[in-house]
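Thanks for coming. I have a short walk through one structure today, and I will define terms as they come up.

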Amino acid sequence: MIRRPPRSTPKPSSAASDVYKRQGISSRALFDLDESHKIFERDGVDAYREYQILNEEKILNPGNAFGLVKKILEINNLYKSKDRVEVILLSRNSADTGLRVFNSIEAHNLDISRAVFCGGESPHKYVKDFNIDLFLSSSNEDVRMAIESNVASATIISGKSNFKQDSHLLKIAFDGDAVIFSDESEKIYHEKGISAFIKNETKGERISLEPGPMKPFLMELNRLQREFTLDECPIRTALVTARSAPTHKRVIKTLREWGVRIDESLFLGGMSKEDFLKSFQADIFFDDQLKNIQDASGKITSAHVPYGVKNEVK
């Protein structure tokens, strides 16, 4: 994600204003490249290259993460002199085929200037060089490699959202176990069932959960949020979890121990999440379970975190 001191109080500290927040985004997550990707899969790289060059001046339609990126970049409008958050394009395209993507970035008036075109290779190796706080891609393989490099990452799942976002407020929703937290408790549930899970969580409610792959991104969001008053803050977060009482206590105490603020916490006790996410008006939802993501993707932008016991490669 980027940087600037707010127009109104409170002003960011000097330390905060010296820090960029960066998001890495793939071209297929940012724009609708389904048609050209089908050509690549069916006819190969040469046909794909020819198609992209022939359509170089044809502007691409927004992709699943376009609205999210637009809202992230709008945060910079709240700062006076310097940008605070930044979006960087990380693409498997070559610079030759990627020119259409940059033409579309300009046409949609997106403030994106840095890019990496890897000519068919995975761009995940550059996420740490850019100090990326969040990497979003349509490639599950690239996301898995980024997570292995300890970078918060998720796979954007294609879906047709029927919900129109009217607010400029950036709203981000997270599942808990194997997303914000590690999968240590989920392993017990997976291997021994719900009774053993509840017993473990109530017995260890004073022991903080270990961090999961999205904790660093949540921490960075919190740092940005603290630069504003609650009324002025352009970011709102939600925890949307299948947990319920009494297992909620360990989650609350862990977040308290980390010093992390979650604006809304929904302990749903196994209920379907999609309607709650729509009511929250989430710009993006992160979950480790693919089914939850697929269910929600018809209403909101959703991203799969391929981490933990539910995502072990057989």
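A word on the source. This is a predicted model, in which local features need pLDDT of at least 70 and side-chain atom pairs count only at pLDDT 80 or more, while totals for chains, interfaces and linings use all residues. Residues are numbered from 1 along each chain as its sequence is written, and side-chain values use heavy atoms, with hydrogens and water left out.

Let us start with the core. In soluble globular proteins, nonpolar side chains tend to be buried together. Here, a nonpolar core is a set of buried Ala, Val, Leu, Ile, Met, Phe, Trp, Tyr and Cys residues joined through side-chain atoms within 4.5 Å. Buried means under 20% relative accessible area, exposed means over 50%, and partly exposed is in between, using a 1.4 Å probe and protein chains only.

The largest nonpolar core has 54 residues, and Leu30, Phe174 and Phe286 have the most contacts inside it. Helix 5, residues 66–74, gives the largest share of this core, with five residues. Helices (H or I, at least four residues) and strands (E, at least two) are DSSP runs, numbered from the N terminus.

What does Leu30 touch, not counting residues up to four places away in sequence? Its partners are Ile25, Pro62, Gly63, Phe66, Val69, Leu89, Ile105, Leu110 and Ile112. Contact here means heavy atoms within 4.5 Å. There is also a second, separate core of 13 residues, and Ala238, Leu266, Phe280 and Ala282 are among them.

Next, the rings. Rings of Phe, Tyr and Trp (its six-membered ring) pair if their centres lie within 6.5 Å; planes under 30 degrees apart count as stacked, over 60 as edge-to-face and the rest as tilted. By this rule there are nine aromatic pairs. One of these joins Phe174 and Phe217, which are tilted, at 6.2 Å centre to centre with 55° between the planes. Phe174 lies in strand 7 (residues 170–174) and Phe217 in helix 10 (residues 215–225), so this pair ties together parts that are 43 residues apart in sequence.

Phe174 also pairs with Phe286, and this pair is stacked: 5.5 Å centre to centre, 25° between the planes. Phe286 is in strand 10 (residues 284–287), so to speak a distant part of the chain, 112 residues apart from Phe174. Ring pairs link Phe174, Phe217 and Phe286 into a cluster.

A charge sits over a ring if NZ of Lys or CZ of Arg is within 6 Å of the ring centre and within 35 degrees of the ring normal. Lys171 lies over the face of Phe280, at 5.4 Å from the ring centre. Lys215 lies over the face of Trp258, at 4.2 Å from the ring centre.

Now the cysteines. A disulfide is a covalent bond between the sulfur atoms of two cysteines. The cut-off used here is a pair of cysteine sulfur atoms within 2.5 Å. How many disulfides does the structure hold? The count is zero. Cys118 is buried, at 13% relative accessible area, and Cys233 is buried, at 8%.

Then the backbone. The peptide bond from Ala245 to Pro246 is cis, with omega near 5°. Pro246 is placed in the loop between strand 8 (235–241) and helix 11 (248–258).

Two asparagines have positive phi. For Asn131, phi is near 55°, a positive value in a residue other than glycine. Asn131 is in the loop between strand 4 (115–117) and strand 5 (134–137), and at 52% relative accessibility it counts as exposed. For Asn150, phi is near 65°. Asn150 is in the loop between helix 7 (140–148) and strand 6 (153–157), and it is exposed too, with a relative accessible area of 64%.

Asn103 is buried, with a relative accessible area of 16%. Leaving aside neighbours within four places in sequence, Asn103 is in contact with Glu56, Glu57 and Ile59.

Last, Asp43, which is found in helix 3 (residues 34–43). Asp43 is partly exposed, at 43% relative accessible area. The side chain of Asp43 makes a polar contact with the side chain of Arg42, at 3.1 Å. A polar contact is a pair of N or O atoms within 3.5 Å; within protein, one must be able to donate a hydrogen and the other to accept it, and residues adjacent in sequence count only if both atoms are side-chain atoms.

That is the end of my list.
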